[in-house]
Every structure is written in C-alpha cells, then in structure tokens.
Amino acid sequence: MLAENLGNVFELALELAYDCEQHLIDHLPKMTDAACSEPLRESLEQYMDQTKEHRARLEKVFAALDRAPGAEHNPVIRGITGEGEKLIKHIDRSPLLDAVLIMHANQIAHYEIALYESLVSFARTLSLQDTAELLEQTWGEEKIAAEALTRIAEHSVNREAARFQNTPHIFPLV
Ligand SMILES: [Fe+2]
C-alpha cells in the first residue's frame, strides 16, 4: 500500500494489526501446548481468547471505515514468532521453557502494545473518536496481558527455571 497521508498510514497500521492478530491465532496454541505451568497455560489461553476478540474488534473498525480488511503481510510478528518457535523446538518442556515462553509472549505483547498505541493516536488525530475508543480497549488489554505474564514469571516460573538444568541434545533438533 502506498501511504500518501496519515489516513493511509493509519489504514496500513490497521492491516498490520489485523494480520498480526490472525497470525497469533495460529501461533498461540503452540505456546500453550509447550507450557507446563498451569497459571501460564491459563494466561496463554486467555491471551488466545482476547486475540480473537481483538481481531473481531478490528473487523468492526474496518466496517466503520467502509473497507474490507486487506491482505497486508506483517513481517515483524512473523519474525518474533519464528524466533519463538526455534526456542520451543530446542528446549524440553520444563520450567526453563516456561520462562522462555513468558519472555516470548512478552515480546509479542509489547509489539502489540506499540502497534495499538500508534493506532489510537492516529485515530484520535483523524477525529475518529469511536474507532479510537475501540482500539484503546485492545491497547489496554494488551498491557494487562503483558503485566499478567510478568507476574507469573516473578511469582513462580523464574524461580523454578533457575533450579532446572536442561539436558543438552547430542544431535541438533530440526
Ligand atoms: Fe491482540
């Protein structure tokens, strides 16, 4: 998409956010399956439910703008999840992997926080008040998700990970 004005940039960012949420709906279950800690699994399941809501909210935004969600490809979220998948593959299911999963989930959440922060600001500047409010709801939920993950890390997972020694694999995993 060629961006000539702030309206175009806003639409581009909306499409990147939409592709991000769609992609996470495929990625988050892999993280949940890899997690051992029950609070972490619950938190990731909740993240998944919210991700579906975020996608639905973006569809409302597109409808309000009288456009269909585009097919913009978001390379940033794919880069982040690609790194996460490598880590999941190379560490056995364990408290250590749980700590890594929280680090990875926080990278995702903070990318989303940054994206929605800009979207809210663009919508306000463009006097799209209702749209700004919808996006602000998502922005707030992303921040709460990141805080909840950090609380789980600090409350239990990091301490358990510190006591755990991963067995190195003799053959590299592919
Ligand atoms: Fe989201």
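The questions and answers below go through a predicted model and ask what its descriptions rest on.

Q: What makes up the secondary structure of the protein?
A: The protein has 5 helices and 0 strands. From the N terminus on, the order of elements is α-α-α-α-α. Along the principal axes, the C-alpha atoms fill a box of roughly 55 × 30 × 20 Å.

Q: How many of the residues count as buried?
A: Of the 174 residues of the protein, 43% are counted as buried. Buried means a relative accessible area under 20%.

Q: Why is Cys 20 called buried?
A: Cys 20 has a relative accessible area of 1%. The cut-off for buried is under 20%, so Cys 20 is buried.

Q: Why is Cys 36 called partly exposed?
A: The relative accessible area of Cys 36 is 35%. Partly exposed covers values between the buried limit of 20% and the exposed limit of 50%, so Cys 36 is partly exposed.

Q: How many disulfides does a search of the whole structure find?
A: The search finds 0 disulfides. To count, a pair of cysteine sulfur atoms has to lie within 2.5 Å. A disulfide is a covalent bond between the sulfur atoms of two cysteines.

Q: What makes Glu 21, His 54, Glu 112 and Glu 142 donors of the iron ion?
A: These residues coordinate the iron ion at 2.1 to 2.5 Å, through OE atoms of Glu 21, ND1 of His 54, OE of Glu 112 and OE of Glu 142. A donor is an N, O or S atom within 2.8 Å of this metal, so the atoms listed qualify.

Q: How are the donor residues of the iron ion spaced in sequence?
A: The spacing is E-x32-H-x57-E-x29-E. His 54 belongs to helix α2 (residues 38-64) and Glu 112 to helix α4, so this pair ties together parts that are 58 residues apart in sequence. Both His 54 and Glu 112 are buried.

Q: How do you know that the span of helix α3 is close to what is expected?
A: Helix α3 (residues 75-90) has 16 residues, and its first and last C-alpha atoms are 23 Å apart.

Q: Why are the buried residues of α3 said to be on the same side?
A: The buried residues in α3 are Ile 77, Ile 80, Thr 81 and Gly 84. They cover an arc of only 90 degrees around the axis, so they lie on the same side of α3. What covers them includes α1 (6-34) and α4 (95-125).

Q: What is found at the start of α3?
A: A side-chain oxygen of Asn 74 comes to within 2.9 Å of the backbone nitrogen of Val 76.

Q: Why is Asp 19 called buried?
A: Asp 19, in helix α1, has a relative accessible area of 13%. That is under the 20% limit, so Asp 19 is buried. Leaving aside its neighbours within four places in sequence, Asp 19 is in contact with Glu 72, His 73, Asn 74 and Arg 78.

Q: Ala 35 is in a loop; is it buried or exposed?
A: Ala 35, in the loop between α1 and α2, has a relative accessible area of 0%, so it is buried. Beyond its neighbours within four places in sequence, its contacts include Leu 40, Arg 93 and Leu 101.

Q: What makes the phi of Asp 66 worth a remark?
A: Phi of Asp 66 is near 60 degrees, a positive value in a residue other than glycine. Most residues other than glycine have a negative phi. Asp 66 is in the loop between α2 and α3. Its relative accessibility is 73%, over the 50% limit, so Asp 66 counts as exposed.

Q: Which value of phi does Ser 127 have, and where does Ser 127 lie?
A: Ser 127 has a positive phi of about 60 degrees although it is not a glycine, and it lies in the loop between α4 and α5 (129-162). With a relative accessible area of 61%, Ser 127 is exposed.

Technical notes. Residues numbered from 1 in each chain as written. Predicted model: local features only at pLDDT ≥ 70, side-chain atom pairs only at ≥ 80, totals over all residues. Heavy atoms only, no water. Helix = DSSP H or I, 4+ residues; strand = E, 2+ residues; numbered from the N terminus. Expected span 1.5 Å × (residues − 1). Buried < 20%, exposed > 50% of the residue type's maximum accessible area, 1.4 Å probe, protein only. Arc of directions from axis to C-beta. Contact = heavy atoms within 4.5 Å. Polar contact = N/O pair within 3.5 Å; in protein donor to acceptor, adjacent residues only side chain to side chain. Donors = N, O, S within 2.8 Å, 3.2 Å for Na, K, Ca; no water.
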